[in-house]
Amino acid sequence: MGKSTYYFEMNKTDVVAKRNEELSATIKEVFENHKGRYGVRRVYRELRNRGVQVNHKRVQRLMQDSGLFGK
């Protein structure tokens, strides 16, 4: 493997991780706006209403990783 290829791959930004960070921030905002009452399904529907294309499984995983649980 060439030296330039190695450093190119090492310095490449992870697009999925960046998207997950942005989505986690949006999920926390929705969760806090509704005083912690919204669970996965309602947060997912709120994101869809805002025009965010996301799968409910991703929302569930990110909420679990952040420690957000609805009442």
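**Helices, surface and salt bridges**

Trainee: In which helix is the place of Tyr6?

Mentor: Helices here are DSSP runs of H or I with at least four residues, and strands are E runs of at least two, numbered from the N terminus. By that rule, Tyr6 has its place in residues 3-11, which is helix H1.

Trainee: What should I know about the origin of the model and its numbering?

Mentor: This is a predicted model, in which local features need pLDDT of at least 70 and side-chain atom pairs count only at pLDDT 80 or more, while totals for chains, interfaces and linings use all residues. Residues are numbered from 1 along each chain as its sequence is written, and side-chain values use heavy atoms, with hydrogens and water left out.

Trainee: In which helix is confidence lowest, and in which is it highest?

Mentor: The pLDDT is the predictor's confidence in each residue, from 0 to 100, and the protein chain averages 93, with 100% of the residues scoring at least 70. Confidence is lowest at a mean of 90 in H1, and the highest value, 96, belongs to H3.

Trainee: How much accessible area do Met1, Tyr6, Tyr7 and Met10 have together?

Mentor: Tyr6 is partly exposed, at a relative accessible area of 39%, where buried means under 20%, exposed over 50% and partly exposed in between (1.4 Å probe, protein chains only). Patches take residues with over 30% relative accessible area and no salt bridge, joining like charges within 9 Å and nonpolar side chains (Val, Leu, Ile, Met, Phe, Trp, Tyr) within 5 Å. Areas come from the Shrake-Rupley method with a 1.4 Å probe, and for residues only the protein chains shown count as cover. On the surface, these four residues form a nonpolar patch of about 530 Å².

Trainee: How many salt bridges does a search of the whole structure find?

Mentor: A salt bridge requires a side-chain nitrogen of Lys or Arg within 4 Å of a carboxyl oxygen of Asp or Glu. One of them joins the side chains of Lys12 and Glu9 at 3.2 Å, N to O. For the whole structure, the search gives a total of three.

Trainee: Which residues are linked in a network of salt bridges?

Mentor: Arg50 and Glu29 meet through their side chains at 3.6 Å, N to O, a pair that links distant parts of the chain, with Arg50 in the loop between H3 and helix H4 (56-66) and Glu29 in helix H2 (residues 15-33), 21 residues apart. Arg50 also forms a salt bridge with Glu46, their closest N and O atoms being 3.4 Å apart. The network therefore consists of Glu29, Glu46 and Arg50.

Trainee: What separation do the C-alpha atoms of Glu46 and Val30 have?

Mentor: Glu46 lies in helix H3 (residues 40-49) and is partly exposed, with 21% relative accessible area. Contact means heavy atoms within 4.5 Å, and Glu46 touches Val30 and His34, not counting residues up to four places away in sequence. Although Glu46 and Val30 are 16 residues apart along the chain, their C-alpha atoms are separated by 7.6 Å.

Trainee: Does Asn20 count as buried or exposed?

Mentor: Asn20 is in helix H2, and, leaving aside neighbours within four places in sequence, Asn20 is in contact with Arg58, Arg61 and Leu62. At 15% relative accessibility, Asn20 counts as buried.
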